[in-house]
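Please look over the structure first.

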Amino acid sequence: MNNFVSLLPLEYRKNLQKGVRLRRIRWVMLFLTILTVVAAACATMMRFSAHQAVLALREENQQMQQQVLMLAPYETTAKESGALKLLIASVQALDPGWSSSIHNVAGALPAGVWLESLSTNAADDGGRILSFECGCTTYDDIGRTLAALASVADVFDVRCDSSSQSNAGVRFHLAIALTEPKQ
């Protein structure tokens with residue numbers, strides 16, 4: 001039989017047991033500290049990646065806003081185009097005999113030239129005078145417009161009365177004399 005007899009004092013044995021417990025507590029504390037540091041590092045990395053995502057979304061938002069600002073003139077042009085179609089229809093309704101002539105003249109405007117407004121008046125010789133307010137990007141477009149309109153069959157005379165340049169492009173006024181349509 002094995003009998004174990006400790007010759008160490010009781011107080012010393014209790015101190016040894018306390019030391020073992022303290023070491024276990026230290027290991028647990030060390031483990032909890034490491035776990036806390038790892039959790040904090042993960043939270044920091046997640047916060048950083050979320051911040052990067054927010055910055056990327058802000059950049060994308062700014063680019064989209066710039067695109068919207070760049071497309072605003074096209075929206076205005078589309079709205080004005082609808083209003084001008086209604087205006088052309090109303091002018092044609094007032095004087096249906098001139099309908100095809102007005103349509104031919106408006107259709108002869110070259111690419112890059114847009115119609116902003118039009119009006120029509122009777123001429124002394126029985127013809128019609130069309131007044132077009134137009135817009136374009138360069139002064140060369142005015143020359144192309146005059147040449148294109150001069151080749152329309154019902155046009156007797158076409159001239160540019162005035163032009164001006166602004167940030168939106170070149171604006172000009174045309175006076176177009178039409179011959180009386182053939183019945």
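**Strand pairing and cysteines**

S117 stands opposite E133, a residue of strand β2. This is a predicted model, in which local features need pLDDT of at least 70, side-chain atom pairs count only at pLDDT 80 or more, and totals for chains, interfaces and linings use all residues. Residues are numbered from 1 along each chain as its sequence is written, and side-chain values use heavy atoms, with hydrogens and water left out.

**Strands**
- Helices (H or I, at least four residues) and strands (E, at least two) are DSSP runs, numbered from the N terminus.
- Two strands count as paired if DSSP finds at least two bridges between them.
- Strand β1 covers residues 113-122 and pairs with β2 through nine bridges, in the antiparallel sense.
- β2 is also joined to strand β4 (residues 169-178) by nine bridges, again antiparallel.
- R128 has L178 of β4 as its bridge partner.

**Burial**
- Buried means under 20% relative accessible area, exposed over 50%, and partly exposed in between (1.4 Å probe, protein chains only).
- Strand β2 spans residues 128-136; seven of its nine residues are buried, so the rest of the structure largely encloses it.

**Cysteines**
- A disulfide is a covalent bond between the sulfur atoms of two cysteines.
- The cut-off used here is a pair of cysteine sulfur atoms within 2.5 Å.
- The whole structure was searched, and zero disulfides were found.
- C134 is in no disulfide; its nearest cysteine sulfur belongs to C136, 8.2 Å away.
- C134 is buried, because its relative accessibility is 0%.
- C160 is in no disulfide either; its nearest cysteine sulfur is that of C136, at 8.8 Å.
- C160 has a relative accessible area of 29%, so it counts as partly exposed.
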